[in-house]
Each structure stands twice: as structure tokens, then as C-alpha cells.
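Reader: I would be grateful for a close look at a single part of this model, with the criteria behind each term stated.

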Amino acid sequence: MSELKELISKAKGKDLDAMGELFNQFKPLLKSRTRKCSKYGPEYEDVFQQASLLFILAVYDYREKGGIPFAGYVKKRINWGLWMYYRKYLKQKIETSCGLNPKELHR
């Protein structure tokens, strides 16, 4: 079993050391995606926190039997998740700037 597969397996089993090591291996990817998304408005720390959460969820959801490499799966999952995060951020910013209060609209 390769080292990466072993780390993924341990991380899925709630091994915090394995999850931390996996996280550190993919931290450059998280930072890269975070910088790209935070250029358009959201705070860097907020986006990095969202990317970190998406990474952890991707580890738990990853299935080896699909034939998709883990790195590719994580990258797609983070890209998609940050895109959705940015859309939500943008929608909220537009509603606020137009004077709309989303909480009042859903009563």
C-alpha cells in the first residue's frame, strides 16, 4: 500500500496525525486556490478556512474504487466548493449593496 493511500485510510479512521500530515502535503494547493479566490473580495483567512473544511470533507468522501487519483479529486472538490462559496459571498454582497435584507425576504 502506498504511503498516500495509507494516510488517507488512517485519516478516514479519525487519525488526527494522519489528517494533519495529509493536510500539510496539500497545503500549497489550498493556499494557491485561496489566493485565487480571495483576489475577488472575500478575506483570505475566511477562504482558507473554507478550503480547509472542503479538504477534510474530500478526504472522508474519497473512494479509491472510482479510479480517480486523490490529488485530482481534492483539487476538483476544492475548486467547486470555493466557486460555490464565492457565489454565495457575491450574492450576499449584491443584496446588501442594493439595500435588500435577505432575512426579511424569507418571512
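Author: T34 is buried, its relative accessible area being 0% (buried means under 20%, exposed over 50%, partly exposed in between, with a 1.4 Å probe and protein chains only). This is a predicted model, in which local features need pLDDT of at least 70 and side-chain atom pairs count only at pLDDT 80 or more, while totals for chains, interfaces and linings use all residues. Residues are numbered from 1 along each chain as its sequence is written, and side-chain values use heavy atoms, with hydrogens and water left out.

T34 belongs to helix 2 (helices are DSSP runs of H or I with at least four residues, numbered from the N terminus). Leaving aside residues up to four places away in sequence, T34 touches Y44, V47, F48, A51 and L82, where contact means heavy atoms within 4.5 Å. The T34 side chain also reaches the backbone oxygen of L30, at 2.6 Å.

L82 is one of the residues that line the largest pocket, together with R33, K36, C37, Y40, N79, W83 and Y86. A pocket here is an open set of points on a 1 Å grid over the protein atoms alone, where a 1.4 Å probe fits, with protein on both sides within 12 Å along at least five of seven lines; lining residues have an atom within 4 Å of a point. Helix 2 (16–38) and helix 4 (70–97) are the elements that give two or more residues to this lining, and helix 4 gives the most, with 4 residues.

Y89 also lies in helix 4. Y89 touches Y40, G41 and P42, not counting residues up to four places away in sequence, and its side chain reaches the backbone oxygen of G41 at 3.4 Å.

Definitions and conventions: A polar contact is a pair of N or O atoms within 3.5 Å; within protein, one must be able to donate a hydrogen and the other to accept it, and residues adjacent in sequence count only if both atoms are side-chain atoms.
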